[in-house]
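Please open the structure in your viewer and keep the selection tool at hand. The stops below are meant to be followed in order.

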Amino acid sequence: MGVPRYWREIPQRYNLIGTKCEACGQVYFPPRSMCPECRRASVGNMEEYQLKGSGVVESYTVIYAPPPHFEHEEPYVIALIKMDEDTYLTGQIVDVSPDEVSIGMHVESCFRRIYQDGKAGAIHYGYKFKPVG
Amino acid sequence: MRDVALIGGGLTPFGELWEKSLADLVAEAGIAAIMDAGIEGEDIEALYIGGMSAGRFVGQEHLGSLAAEVSGLSELHIPATRVEAACASGSLALHNGYLAVASGMYDVVVVGGAEKMTDVAGTEATNILASAANREWEAFFGATFPGLYALMARYHMHKYGTTREQLAEVAVKNHYNGTLNPKAQYRREVSVEDVLGSTMVADPLHLLDCSPITDGAGAVVISSMDRAEEFTDEPVRIAASETVADSISLSERSRFDGIPAAMTASRRAYNRAGVSPADIDVAEVHDCFTIAEIMAIEDLGFVDKGKGGSAVDDGLTTLDGELPVNTSGGLKSKGHPVGATGIAQIHELMLQLRGQADRRQVDDAALGLTHNVGGSGGTAVIHILEAI
Amino acid sequence: MWRGDGAAIAAGLMVYEKTVPGLDEDTTTISVEAARRAVRLSGIDAQDIGALYVGSESHPYAVKPTATIVAEAIQATPDLTAADYEFACKAGTAAMQNCLALVRADMITCGMAIGADVSQAAPGDALEYAAAAGGAAFILGRDNLIAEVNHTLSFTTDTPDFWRREGEPYPGHGGRFTGKPAYFRHVTAATKRMMEEMGTSPDDYDYAVFHQPNGKFPSRVARKLGFTKEQIEEGLLCPYIGNTYSGSTPLGLSAVLDVAEAGDRILATSYGSGAGSDSFDITVTDAIEGYERNNIRKMMENREYLDYGLYMKHRGEFA
């Protein structure tokens with residue numbers, strides 16, 4: 001991934017900065033420039049909003065056929081997570097054995113290395129999730 | 001809006017076609033379709049070609065112009081348009097060709113779809129396919145395409161009790177059908193044990209739950225219904241052509257136990273065709289993964305939501321069942337050259353409705369439906385075809 | 001796995017277990033985790049941090065500071081100064097000294113110093129028995145202190161006991177030379193001079209923390225300087241987490257702060273090969289009573305064991 005692309009999303013990847021529609025109060029992550037519910041009323045009315053990082057597993061899978069750059073971590077868990085702010089996102093679940101992951105499990109975000117562009121390229125950091133407690 | 005008919009079609013074999021380039025595939029399918037339709041080059045007023053990612057698979061963009069060149073039509077100076085919607089590219093190309101004819105703009109149009117996937121390594125192909133998902137927010141974190149469908153599979157299993165065996169039975173059925181299809185990539189049967197014993201790809205999906213990497217192309221010729229008889233005495237009427245776009249990210253959908261875009265597109269298609277799900281005699285659905293077929297027969301209204309697994313158990317969708325699904329072998333055993341798949345589905349139904357499906361023939365097939373999905377459900381295209 | 005009597009070596013080094021980084025962890029992620037805890041437990045506004053320094057010998061980039069990534073991850077940017085430190089195992093304490101200096105010079109109101117490492121050692125080398133991963137972050141400032149740094153000083157010479165060349169994955173070292181002329185000379189000299197300048201003797205301190213490349217060295221230097229086993233016990237984590245290099249003394253100090261009470265006095269001396277020692281004389285304040293502790297020993301209980309093959313994968317040998 002080109003470095004500008006990575007850099008642009010640092011607030012999201014490092015700190016879960018999403019947006020909140022000031023018209024209806026719904027929080028979105030990834031951030032949106034416009035609320036799908038309020039549409040016109042939300043244009044220019046979306047504020048930055050940092051998610052707490054806490055959520056619940058809605059569904060998950062264990063990846064055994066990783067894409068390039070992720071071979072080292074196979075097998076790893078990818079989950080659909082419902083955040084406390086009522087918005088969903090996709091991320092890895094780490095620090096737990098795959099057979100101990102379950103739908104309904106509470107997770108919290110952590111800062112990890114996502115992948116690197118080879119030994120000489122940039123390192124991409126971002127959010128992953130681990131079980132609470 | 002005028003009535004539109006399919007007047008001919010052609011398909012290359014599907015598989016790892018080392019000797020054939022993308023251009024070869026496009027030419028082969030196009031020529032076969034044109035010959036089958038019995039039209040002259042001069043009759044063709046426009047070209048549409050569906051392809052997902054030729055730029056990354058073979059470094060080639062500008063597919064409309066490429067198609068015009070290899071089909072020998074470039075001197076005719078007709079419009080050629082490349083259409084892309086990930087795995088739904090082929091059907092979306094047909095939808096656009098359909099609109100062009102239905103609107104009265106053109107009378108005869110050729111629509112094709114092609115993908116050349118084996119010139120890159122398997123892992124690179126997987127990486128390219130991930131561009132059908134959300135690159136920044138799904139693929140960036142290591143989510144793969146099978147991974148996204150696996151999320152839906154586990155969700156479906158958790159909510160409705162769908163079992164791994166039911167998923168496997170979809171593969172078993174489609175592989176059996178594939179043995180009867182001379183163009184299919186895989187023409188050998190598999191058992192439930194084979195499927196469940198194959199390497200795990202993304203839990204709960206095993207290797208044999210997943211459609212393969214395939215080269216292939218297909219093309220069809222469509223014309224206004226009033227001119228169809230000039231060319232063929234077996235026109236097939238396009239009774240409906242509907243497409244819906246939903247979010248590209250799975251996490252942004254309104255539900256995870258089905259594909260909302262397919263639900264909406266099919267509902268509109270039934271309305272437009274003036275038919276109901278019960279009227280469909282044969283269907284080609286998008287079984288990129290076995291779970292996709294189970295969700296599809298629910299989304300299309302053939303069975304209630306959540307009952308897809310048990311319907312497969314009961315044999316509803318086998319070749320001699322009440323509603324045969326994927327008589328071609330489906331994406332699973334016929335193969336899934338991404339951009340070509342939508343056209344291949346149409347081609348299969350065309351054969352069925354013309355009584356030309358040979359050992360796969362469904363008796364008295366008069367009304368068929370194709371269901372083609374892009375990504376994890378970001379686009380759905382539904383066609384309903386009627387034998388005249 | 002390599003030839004040698006594991007149990008005897010463990011007893012000889014007094015290192016029974018060591019930490020291994022997760023497949024997706026590195027010095028940066030460890031630093032961020034420690035930094036985030038520090039911000040949370042201290043209750044400061046990250047925007048008040050005027051300087052952020054990360055000391056390590058395993059910075060993921062040779063050029064591009066770990067400190068800026070950490071600063072961004074704790075939302076301390078953009079109004080601060082940042083840089084990475086290197087001084088073998090004492091890069092973290094060097095960072096602490098410099099934050100202290102900036103605070104005392106009134107250039108910043110508070111600064112963050114981190115010592116963290118995912119230590120490298122060649123497979124089969126003696127170092128490998130103890131090389132481990134870990135880190136700690138300290139916030140140094142003027143107000144709301146849980147501990148006062150009464151004094152800090154250093155003892156520095158050019159002593160080539162242990163080094164790593166640019167581009168080389170593993171360090172080289174002088175074997176037994178790393179003992180008396182290196183570790184012991186510098187730790188002893190710095191600690192002695194600290195006690196001279198402060199007019200103290202070992203029994204003036206409730207706790208002592210020494211750099212811990214293994215369990216034996218700090219035990220021996222403590223004994224030679226006149227400190228008791230009880231004084232170094234709380235701060236001696238190495239036997240069960242291994243040598244966390246730049247994290248070593250900071251983590252030891254942190255473990256002491258986990259149990260310290262108001263009025264307790266701590267002496268901490270780090271050691272970095274190449275070589276030097278930073279010594280600190282610290283008094284714990286009343287404010288420690290209300291402070292939420294890290295409880296490192298509880299963190300240490302949450303563990304999973306790996307076999308050598310999986311360990312090598314975690315070390316990145318197969319990447």
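This is a predicted model: local features need pLDDT of at least 70, side-chain atom pairs count only at pLDDT 80 or more; totals for chains, interfaces and linings use all residues.

Residues are numbered from 1 along each chain as its sequence is written, and chains are lettered from A and ligands numbered from 1 in the order in which they are written.

Begin with chain B, and colour domain 1 (4-121 + 214-236) and domain 2 (133-212 + 238-387) separately; such bounds come from an automatic or database domain assignment. The C-alpha centres of these two domains of chain B are 23 Å apart.

Next, look at where the domains touch: 37 residues of domain 1 of chain B are in contact with 38 residues of domain 2 of chain B, contact meaning that the C-beta atoms, placed from the backbone, lie within 7 Å. On the domain 1 side, select β1 (4-11), α4 (89-102), β4 (108-115) and β7 (216-224) of chain B, which give two or more residues each; helices (H or I, at least four residues) and strands (E, at least two) are DSSP runs, numbered from the N terminus. The largest share of that side, seven residues, comes from α4(B).

Now move to chains A and C, where 14 residues of chain A are in contact with 15 residues of chain C. On the side of chain A, select α2 (10-15), β7 (106-116) and β8 (123-131), each of which supplies at least two residues, and then pick out β7(A), which gives the most, with four residues.

Definitions and conventions:
Two residues are in contact if their C-beta atoms, placed from the backbone, lie within 7 Å.
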